[in-house]
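Hi everyone, thanks for having me. Please bring up the sequence and the structure, and we will walk through a few spots together.

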Amino acid sequence: MNTLESTQQQEEVFTMPRIGDKAPEFTATTTQGEINFPSDYKGEWSILFSHPADFTPVCTSEFMTFAHLEDKFKKANCNLVGLSIDGLYSHIAWLRTIKDKIKFNGMEKVEVKFPLIEDISMNVAKKYGMIQPGESKTQAVRAVFFVDPEGIVRALIYYPLSLGRNFDELYRALIAMQTSDKFNVATPADWNPGDDVIVSPAGSCGVAEERMTGTEDLECQDWFFCTKKLDKDLVLNTILKK
Ligand code: BEZ
């Protein structure tokens, strides 16, 4: 065996769930008690996200932002679940410090009410491919898994350690996927509620011809690129809880 082969053999292989996979199941201790994921969230969406470590500034800014937006995500039928490779008492101490001392972006006295998983064993982080050894062998990167009401991974976004997440994009992606599900459409680049949506491509020559002759209520640039209006209030009233 040459040196490269033996190094490769020694390096642990980390798997990660893919879009369309069943979200790997786990039971974990969190700052809100024990959770079973994803079964505790059946019938609702969840965002499972990791951060590198407690008591670090980028993570603190992200946790404050997630906590500030929790009600907005809840209104969109989505639960937040955080994780880092730290112990429960570290998590508790960090969240208390955030509430007592930290001000960021106009936010202060922020209470984190969603569960933060303790994952000293890296059990969950390994199942979800949150350890990216090229970036860090001991800290999780900033992974975001969108899991749907059936427990299926619908999207994943990964950021490196130094880059705080964009929360407008996380919310936009959640609403766009829910809109696709409810209205059987796709959403184009930079879509937001109120913007036109994409209808599925013509699946036959007949439908392609119909699309170009304008018999449907669509705007077609060409037979394969058709959009239609989708009212913003209809989208929001359908998706958001009252
Ligand atoms: C942070 O959250 O500030 C951070 C964590 C790990 C590496 C770099 C930054």
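Let's begin with a term: a polar contact is a pair of N or O atoms within 3.5 Å; within protein, one must be able to donate a hydrogen and the other to accept it, and residues adjacent in sequence count only if both atoms are side-chain atoms. This is a predicted model, where local features need pLDDT of at least 70, side-chain atom pairs count only at pLDDT 80 or more, and totals for chains, interfaces and linings use all residues. Residues are numbered from 1 along each chain as its sequence is written, and side-chain values use heavy atoms, with hydrogens and water left out.

Now, the ligand. Which backbone has a polar atom 2.7 Å from an oxygen atom of the ligand? That is V58. On its own, the ligand has 260 Å² of accessible area, and the protein covers 78% of that (Shrake-Rupley method, 1.4 Å probe; for residues, only the protein chains shown count as cover).

Around the ligand we find P52, T56, P57, V58, C59, Q139, R142 and L161; to be near, a residue needs a heavy atom within 4 Å. This shell divides into five nonpolar residues, two polar and one charged. Here Ala, Val, Leu, Ile, Met, Phe, Trp, Tyr, Cys and Pro count as nonpolar, Asp, Glu, Lys and Arg as charged, and the others, Gly among them, as polar. Helix α2, residues 57-75, gives the largest share of the shell, three residues. Helices (H or I, at least four residues) and strands (E, at least two) are DSSP runs, numbered from the N terminus.

Next stop, D86, in the loop between β4 (78-84) and α3 (88-101). Is D86 buried or exposed? D86 is buried, and buried means under 20% relative accessible area, exposed over 50%, partly exposed in between (1.4 Å probe, protein chains only). The D86 side chain reaches the backbone nitrogen of D54 at 3.0 Å, and a polar contact of 2.7 Å joins it to the side chain of S84.

Finally, two residues in strands. A143 sits in β6, residues 142-147, and counts as buried because its relative accessibility is 0%. Q221 belongs to β9, residues 219-222, and is exposed because its relative accessible area is 55%.

Notes:
Lys, Arg positive; Asp, Glu negative; His and termini not counted. Salt bridge = Lys/Arg side-chain N within 4 Å of Asp/Glu carboxyl O.
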